[in-house]
Amino acid sequence: ADTPPPPRVHAPQSASSSELSLIVELQRAGDDALLRVISLLHRRRCRVMAAQFSAPLDGPGRLALRVLAPPAHAGRIEHWLGSLVDVRGVARLHP
């Protein structure tokens, strides 16, 4: 009988991962916008280390993120996030 392949194990981020601190300005503070941001980061193999969200009721939102990104993706994260429908702008905070 055929045995199924072993389950895929995601390797932890290596020490060469780039840590980024970002501010993401959102058009409106909805669950869809937050889900799009986090989903994009997950698809690009980024690890969210910290997140802080603030927004007035039914107004624009602000998401502060600390992310570990693969070195090959670190320079593109702002562009990818800025291309999302509900994102007004993205800024990288420098340490």
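Student: How much of the chain counts as buried?

Tutor: Of its 95 residues, 29% are buried, where buried means under 20% relative accessible area, exposed over 50%, and partly exposed in between, with a 1.4 Å probe and protein chains only. Keep in mind that this is a predicted model, where local features need pLDDT of at least 70 and side-chain atom pairs count only at pLDDT 80 or more, while totals for chains, interfaces and linings use all residues. Residues are numbered from 1 along each chain as its sequence is written, and side-chain values use heavy atoms, with hydrogens and water left out.

Student: OK, and what pattern does the chain follow along the sequence?

Tutor: The order is β-α-β-β-α-β, made of two helices and four strands. Those are DSSP runs numbered from the N terminus: helices are H or I with at least four residues, strands are E with at least two.

Student: Which share of the contacts joins residues at least 24 apart?

Tutor: That's 71%, counted among contacts between residues at least 6 apart in sequence. Contact here means heavy atoms within 4.5 Å.

Student: Switching to charges. How many salt bridges does the structure hold?

Tutor: Four, each a side-chain nitrogen of Lys or Arg within 4 Å of a carboxyl oxygen of Asp or Glu. One of them pairs Glu19 with Arg66, with the closest N and O atoms 3.5 Å apart. Glu19 is in strand β1 (residues 18-26) and Arg66 in strand β3 (residues 61-69), so this pair ties together parts 47 residues apart in sequence.

Student: New topic: Arg45. Where is it in the chain?

Tutor: Arg45 is in the loop between α1 (31-43) and β2 (47-54). Its phi is near 65°, a positive value in a residue other than glycine.

Student: Is Arg45 buried or exposed?

Tutor: Exposed, because its relative accessibility is 54%.
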